[in-house]
2 protein chains.
Amino acid sequence: MERVRVKALLVDTSNNAPVVLLEGDSNSKVMPIWIGQNEALAISLQLQGSEFERPLTHDLLKSVLDKLDQSLERVIIDDLSNKTYYATLVLQGPDGETLKIDSRPSDSIALALRTNSPIFVDEEIFQDVAMESPFDEEFEDEKGEEFEDFLEQKMDLRKFKDFTDDS
Amino acid sequence: MERVRVKALLVDTSNNAPVVLLEGDSNSKVMPIWIGQNEALAISLQLQGSEFERPLTHDLLKSVLDKLDQSLERVIIDDLSNKTYYATLVLQGPDGETLKIDSRPSDSIALALRTNSPIFVDEEIFQDVAMESPFDEEFEDEKGEEFEDFLEQKMDLRKFKDFTDDS
């Protein structure tokens with residue numbers, strides 16, 4: 001298992017799709033996952049620390065877990081099949097018993113950010129798909145550049161998407 | 001309490017906002033609630049009986065309840081304050097014990113449709129805001145008309161929105 005953290009939320013300019021970049025804890029490689037607009041919003045709001053008066057859907061999910069005395073022990077992105085990533089929520093009850101629930105990575109990440117739970121990726125999947133992080137020192141010197149240029153120069157997300165599409 | 005059911009999902013053409021129409025069980029009056037695009041999609045997909053290979057966020061919420069042996073006993077839209085409706089999920093565990101969870105009406109409805117749970121509205125709120133249903137026999141004869149015209153002629157949602165804005 002590779003423990004990862006959310007490094008960034010980007011937009012794939014080829015199709016305007018949000019991409020969440022997960023960075024490995026043991027190295028600087030990142031793994032992109034294309035997600036839906038709604039889930040990107042849920043992740044983005046949490047990354048920004050935005051607070052709303054009323055609970056959004058993932059906040060409600062957290063409320064349900066809290067009320068039922070369940071903690072989100074971890075999230076595991078554990079499969080990649082037919083271009084689709086699969087994830088599992090591992091819940092832990094008051095007596096330490098665990099439950100596993102099938103989930104999309106996007107919902108898992110949006111929830112894990114709200115519960116400060118660790119996110120893991122199956123080691124084989126991470127090794128297969130991870131690439132050098134575009135957020136290196138060189139990038140730090142080029143902050144002024146257009147974000148779109150950055151994406152094209154530093155990480156060809158479209159190419160990566162082609163790769164996963166073929167896998 | 002007025003038991004209601006989802007009569008329709010409309011779009012308020014003045015601001016392109018989705019509106020869910022809740023019809024009273026004991027009469028033909030309806031109560032509109034303005035909701036977000038994401039939650040409208042979640043409600044719409046369920047009304048259409050669409051099935052997806054991967055669980056959407058409200059499907060995940062249902063999975064969590066199922067796994068934890070909780071049933072959604074009912075949903076109650078129980079408050080209207082500062083132009084905002086409030087709802088409560090009433091969960092019931094295996095021993096009959098109940099838990100109440102604060103929720104937006106939109107999430108509550110999206111979930112209740114997935115669990116076939118009844119939706120209730122506080123009687124006073126329903127009496128205050130409900131209006132004659134636009135889905136009467138006359139409407140049945142006018143199906144060919146443009147939907148936008150229908151909204152303007154049959155139910156001035158903008159006017160209603162102004163009303164709730166002032167309340």
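Student: What is the area buried between chain B and chain A, and which share of it do carbon and sulfur atoms give?

Tutor: This is a predicted model, in which local features need pLDDT of at least 70 and side-chain atom pairs count only at pLDDT 80 or more, while totals for chains, interfaces and linings use all residues. Residue numbers start from 1 along each chain as its sequence is written, chains are lettered from A and ligands numbered from 1 in the order in which they are written, and side-chain values rest on heavy atoms, without hydrogens and water. Taking buried area as the accessible area (1.4 Å probe) that two parts lose on being put together, summed over both, chain B and chain A bury about 2600 Å², and carbon and sulfur atoms give 65% of that. On the chain B side, B:Arg54, B:Thr57 and B:Leu60 lose the most area to chain A, together 25% of what that side buries.

Student: How do you know that the copies meet through the same surface?

Tutor: With contact meaning heavy atoms within 4.5 Å, chain B and chain A contribute 30 residues each. Of the interface residues of chain B, 100% are also interface residues in chain A, so the copies use the same surface.

Student: Why are β6 and β8 (131-132) of chain B called edge strands?

Tutor: Strands here are DSSP runs (E, at least two residues), helices are runs of H or I with at least four, and both are numbered from the N terminus; two strands pair if DSSP finds at least two bridges between them. The open sheet of chain B has eight strands in the order β6-β5-β4-β7-β1-β2-β3-β8, with mixed pairing. Its edge strands, β6 and β8, each pair on one side only.

Student: What makes β5(B) and β6 (residues 98-103) of chain B an antiparallel pair?

Tutor: Six bridges join the two strands, which run antiparallel, and the pairing rule asks for at least two. B:Leu89 has B:Ile101 in β6(B) as its bridge partner. The two strands form a hairpin with five residues between them, and B:Gly96 in the turn has a positive phi of about 90°.

Student: How many bridges join β4 (residues 71-81) to β7 (residues 119-121) in chain A?

Tutor: Three bridges join this parallel pair, and A:Val75 stands opposite A:Ile119 in β7(A).
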